[in-house]
Amino acid sequence: TGSPAKREVKVEIWFGLSKHTACVGTVVAHIKNMITGVTKGYQYKLKFVYAHFPVNVNPVDDGKAIEIRNFLGEKIVRRVTMLGDSLVERTDQKDEIRVYGNDIEHVSQSAAQIQQSTRVKNK
């Protein structure tokens, strides 16, 4: 509001109960995350660790998805699609990928889906 030199967003509630005040705090946090995402961006670095079978990880579709091969020597190919505008790329380090984008929720959920796709269950 106001002149261009004075940029601010004002969020207020009058006579709010504790639930309403909590919602205002959530809205403020979302706005801060959106501003940070547009100005700096968010990134998660994931490292693949293996003991015997070397895991093969390749970004596909220009970074919109990732394929994980040879996990525990299995023949199936795990494919995880990135959410929203999130992208994935390989880093210069061996066995490391970087998930990045502007929306912290999409970036973090995409990183979590990659981790969950290689989770060992019922061992």
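The stops below begin with the overall fold and end at single residues.

This is a predicted model, in which local features need pLDDT of at least 70, side-chain atom pairs count only at pLDDT 80 or more, and totals for chains, interfaces and linings use all residues. Residues are numbered from 1 along each chain as its sequence is written, and side-chain values use heavy atoms, without hydrogens and water.

Select the protein chain and colour it by secondary structure.

Next, display the C-alpha atoms. Along the principal axes they fill a box of roughly 60 × 35 × 20 Å. The protein chain has a radius of gyration of 20 Å, whereas a compact globule of 123 residues would have one near 14 Å (taken over C-alpha atoms; the globule rule is 2.2 Å times the number of residues to the power 0.38).

Now select threonine 118, in the segment after α2 (104-117). Threonine 118 counts as buried because its relative accessibility is 17%, buried meaning under 20% relative accessible area with a 1.4 Å probe, protein chains only. Beyond its neighbours within four places in sequence, threonine 118 is in contact (heavy atoms within 4.5 Å) with Ile68, Phe71 and Arg78. A polar atom of its side chain lies 3.2 Å from the backbone oxygen of glutamine 115.

Finally, select arginine 98 and tyrosine 100. The charged end of arginine 98 sits over the ring of tyrosine 100, 4.1 Å from the ring centre; the criterion is NZ of Lys or CZ of Arg within 6 Å of the ring centre and within 35 degrees of the ring normal.

Definitions and conventions:
Helix = DSSP H or I, 4+ residues; strand = E, 2+ residues; numbered from the N terminus. Buried < 20%, exposed > 50% of the residue type's maximum accessible area, 1.4 Å probe, protein only. Polar contact = N/O pair within 3.5 Å; in protein donor to acceptor, adjacent residues only side chain to side chain.
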